[in-house]
Amino acid sequence: MSEREVILSVRDLVVKFVLRGQTLTAIRGASLDLYKGESLAIVGESGSGKSVLTKTFMGMLDKNGFIDSGKILYNNKNLVDFKTEDEWLTVRGRRIAMVFQDPMTALSPLMTVGHQIAETLTLHQGLKGRAAKQRAIELLRDVGITEPERRYKQYPHEFSGGMRQRVVIAIAMACNPEILICDEPTTALDVTIQAQILELMKELQKDFGMSILFITHDLGTVARMCDRVAVMYLGRIVESAPVEELYRNPLHPYTRGLLSSVHRIGTKGQDRLFSIEGTVPLALNLPAGCGFYDRCHSRIEGVCNVHDPALQDVGNDHRVACFACDRCPGCAAGSVEKEVGTHA
């Protein structure tokens, strides 16, 4: 396999929030690579840190949040060093864009959709007047909106949910970004429209050659849309692999639990779906050890509750952070000393 170009690299990122005088660690040493032209899914339960992680790529953390340590390397720059809005505007919207979950709240109800697209073109591309309008109409046409000249003058409430999401995608695509972050972009849409939006995004990726970061709970969407998948739990990437490899051979107990909870066609209707016991703990004053320890059926007493495993390469572009994984160096021998030495 030829060497792939890494377009965005996250290393040991730690993100914290100050809440009522206490400090919550939302991202706990996350590491991730995004390759040029690929679709990478980030999956995990609500509260696992998926959206917080990707917001750091655009300088969109809430005011009470901050990056404590780590690196976000993009275009020969460390985005962690960005301090001003002017610095972030060289990246946000121009090189890295985002499609949000709810198109109705992402769009202003007081401005026409055409004006909102043209506003982005003026800010980042310097287009004004007729040139901005013409380009906005072209973008509406590119995302599959019929009669774009007429639709340009309409307001968001005059569009259906699927058409509003197409407008949001048009705004995100206005500057031909290298990276498109999609934060559960089809959750608010019905199933038929979801399929149309996903197909549109695949076509746009092919046409523009961009990389897509896809945040979702839907493992079916991951299988359909993405090349690789990263599983996130309690602010950490616990497993990453090509989609087919991960679905065929999940290694982390949490990943196995997620895949087991998906209903499969042909199973009896009365069969109970598997569920992972417990919930993601609040990231305040966490005890030592693996964050999944209390919910894991494969935990090793005296190891998993003492040391936090690091991501280890197990071959086939597959990485996992787990002491109980029998494919990691040292783990197959069953030696506690080797397990700790390999992962810690």
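This is a predicted model: local features need pLDDT of at least 70, side-chain atom pairs count only at pLDDT 80 or more; totals for chains, interfaces and linings use all residues.

Biologist: In what order do the four strands of the open sheet stand?

Modeller: Strands of a sheet pair through backbone hydrogen bonds, either parallel or antiparallel. Helices (H or I, at least four residues) and strands (E, at least two) are DSSP runs, numbered from the N terminus, and two strands pair if DSSP finds at least two bridges between them. Here the order is β2-β1-β4-β5, with antiparallel pairing. β2 and β5 are the edge strands, each pairing on one side only.

Biologist: How many bridges join β1 to β4?

Modeller: Eight bridges join β1 (residues 6–19) to β4 (residues 65–74), and the two strands run antiparallel.

Biologist: What lies between β4 and β5?

Modeller: These strands form a hairpin with two residues between them, and Asn75 in the turn has a positive phi of about 55 degrees. Two bridges join β4 to β5 (residues 77–78), again antiparallel; Tyr74 stands opposite Lys77 in β5.

Biologist: What volume does the largest pocket have, and which residues are closest to its centre?

Modeller: Rolling a probe the size of a water molecule over the atoms shows where empty space is left. On a 1 Å grid over the protein atoms alone, a pocket is an open set of points where a 1.4 Å probe fits, with protein on both sides within 12 Å along at least five of seven lines; lining residues have an atom within 4 Å of a point. Grid points are joined across faces, edges and corners, and a volume is the space filled by probe spheres set on the points. The largest pocket has a volume of about 510 Å³. It is lined by 21 residues, of which Gly93, Met98, Phe100, Thr120 and Ile171 are the closest to its centre. The elements giving two or more residues to this lining are α2 (85–89), β6 (96–99), α4 (113–125) and α7 (161–173). The largest share, five residues, comes from α4.

Biologist: How does the lining of the largest pocket divide by residue class?

Modeller: Ala, Val, Leu, Ile, Met, Phe, Trp, Tyr, Cys and Pro count as nonpolar, Asp, Glu, Lys and Arg as charged, and the others, Gly among them, as polar. The lining of the largest pocket has 13 nonpolar, five polar and three charged residues.

Biologist: What is the volume of the second largest pocket?

Modeller: Its volume is about 330 Å³. Of its 20 lining residues, Ala26, Gly47, Ser48, Gly49 and Val52 are the closest to the centre. At least two residues of the lining come from each of β1, β2 (22–35) and α1 (50–55). By class, ten are nonpolar, seven polar and three charged.

Biologist: How many salt bridges are there?

Modeller: A salt bridge is a side-chain nitrogen of Lys or Arg within 4 Å of a carboxyl oxygen of Asp or Glu. The count comes to 15 by this rule. One of them joins the side chains of Arg11 and Asp33 (2.8 Å, N to O). Arg11 lies in β1 and Asp33 in β2, so the pair ties together parts that are 22 residues apart in sequence.

Biologist: Is Asp33 buried or exposed?

Modeller: Buried means under 20% relative accessible area, exposed over 50%, and partly exposed in between (1.4 Å probe, protein chains only). Asp33 is buried because its relative accessible area is 18%, whereas Arg11, at 32%, counts as partly exposed.

Biologist: Which parts does the salt bridge between Arg95 and Glu178 tie together?

Modeller: The side chains of Arg95 and Glu178 meet at 3.9 Å, N to O. Arg95 lies in the loop between α2 and β6 and Glu178 in the loop between α7 and β7 (179–183), so the pair ties together parts that are 83 residues apart in sequence. A network of salt bridges also links Arg4, Asp317 and Arg319.

Biologist: Where is Thr112, and which residues does Thr112 contact?

Modeller: Thr112 is in the loop between α3 (103–106) and α4, and counts as buried because its relative accessibility is 17%. Contact means heavy atoms within 4.5 Å. Leaving aside neighbours within four places in sequence, Thr112 is in contact with Tyr152, Lys153, Gln154 and Tyr155.

Conventions. Residues are numbered from 1 along each chain as its sequence is written. Side-chain values use heavy atoms; hydrogens and water are left out.
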